[in-house]
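The sequence and the structure are shown first, and the description follows.

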Amino acid sequence: MMNYILETEHLSKQGGKAYRVKDLSMAVPEKCVYGFLGPNGAGKSTTLKMVLGLSHPDQGSIRIFGKTMNAANRLSILRQTGSLIENPGGYGHLTGLENMQVIQKLKGVKEEEIGPALKTVRLYEQRDKKLRNYSLGMKQRLGIAMAILGNPKLLILDEPTNGLDPAGIQEMRQLICSLPKERDMTVIISSHLLSEVEQMADQVGIIHHGRMLYQGALADLESHGDNLEEVFLEMTGGKESL
């Protein structure tokens, strides 16, 4: 029997007169990379903000680690959850290490965890460089290092390869794929870049106009002779939706 780290049931969120998310049910298995796919404006970020307790659903429920996301459970859930939703923050005048120390104190985790996190994202050798001198790819990786401090069970990344050059994208891909094995994490990647997700994900969910159109193992698609791009374009109405 498959164990799920995140489950939503009939999740809905209205923005003005239209629904940003409508009757969305998703199930994310443990220790996988889950690609959450959809065109821009499909409802991906709205869904993830509800999952993180940053926005309240109008209807439906969210369960993470077997607990219902509510006011009573929110903090205990978030202590085991890491996220990078917007562009990575940080203080440009501080070094990478000093930025990590700020987050370490805010999270209340041991300082000894900083080194392993920086090594995981391959920034340990650049830890004494000022953040303002980091490339965009290095800043993205530092954001992930901040997110994995405390060794969360669930990591949520919203468009983690945005703005990266091909070398930066490859580094990010290798990093994300390593996390389930090296740190026993489940990683949810929200993206509209099909080719990148196809190289990283074990499971995929396709959302369009706030509704889940497909969810399942990527291997199941490929075993029927389909590929992710064909299924995505068929479900979302063609290339104009990208």
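G210 touches R20, V21, K22, L24 and A42, leaving aside residues up to four places away in sequence; contact here means heavy atoms within 4.5 Å. The model is a predicted one, in which local features need pLDDT of at least 70 and side-chain atom pairs count only at pLDDT 80 or more, while totals for chains, interfaces and linings use all residues. Residues are numbered from 1 along each chain as its sequence is written, and side-chain values use heavy atoms, with hydrogens and water left out. G210 lies in the loop between β9 (203–208) and β10; helices (H or I, at least four residues) and strands (E, at least two) are DSSP runs numbered from the N terminus. The relative accessible area of G210 is 0%, so the residue is buried (under 20% relative accessible area, with exposed meaning over 50% and partly exposed in between, for a 1.4 Å probe and protein chains only). From G210 to K44 the C-alpha distance is 7.8 Å, although 166 residues separate the two in sequence.

L149 is placed in the loop between α5 and β7. With a relative accessible area of 3%, L149 is buried. Beyond residues up to four places away in sequence, L149 touches M100, I103, Q104, K107, V109, E113, I114 and A117. The C-alpha atoms of L149 and L118 are separated by 9.4 Å, and the two residues are 31 apart along the chain.

Strands of a sheet pair through backbone hydrogen bonds, either parallel or antiparallel.

Strands β3 (residues 33–37) and β8 (residues 186–191) run parallel and are joined by 5 bridges. Within this pair, G35 stands opposite I189 in β8.

## Strand β1 and its partners

Strand β1 (residues 4–15) and strand β2 (residues 18–29) run antiparallel, with 8 bridges between them. Q14 has Y19 in β2 as its bridge partner. The two strands form a hairpin with 2 residues between them, and G16 in the turn has a positive phi of about 70°.

β1 is also joined to strand β4 (residues 59–64), by 5 bridges, and these strands run antiparallel. Here E7 stands opposite R63 in β4.

The axes of α3 (residues 96–107) and α5 (residues 136–148) come within 9 Å and cross at roughly 25°. That angle makes α3 roughly parallel to α5 (under 35 degrees; over 145 counts as roughly antiparallel, 65 to 115 as roughly perpendicular and the rest as oblique). G96, N99, M100, I103 and K107 in α3 meet L142, A145, M146, A147 and I148 in α5. This contact has 7 nonpolar, 2 polar and 1 charged residues; Ala, Val, Leu, Ile, Met, Phe, Trp, Tyr, Cys and Pro count as nonpolar, Asp, Glu, Lys and Arg as charged, and the others, Gly among them, as polar.

α5 and α6 pack at an angle of about 15°, and their axes are 11 Å apart. α5 is therefore roughly parallel to α6. On the α5 side, Q140, R141, I144 and I148 meet E171, M172, L175 and R183 in α6. By class, the residues of this contact divide into 4 nonpolar, 1 polar and 3 charged.

## Helix α9

In helix α9 (residues 228–236), the buried residues are L228, V231, F232, L233 and T236. What covers them includes β3, α7 (194–200), β9, β10 and α8 (218–223). G237 follows α9 and has a positive phi, near 95°.

Terms used
Axes fitted to C-alpha atoms, helices over the stretch in contact; angles between N-to-C directions. Pairing = 2+ DSSP bridges.
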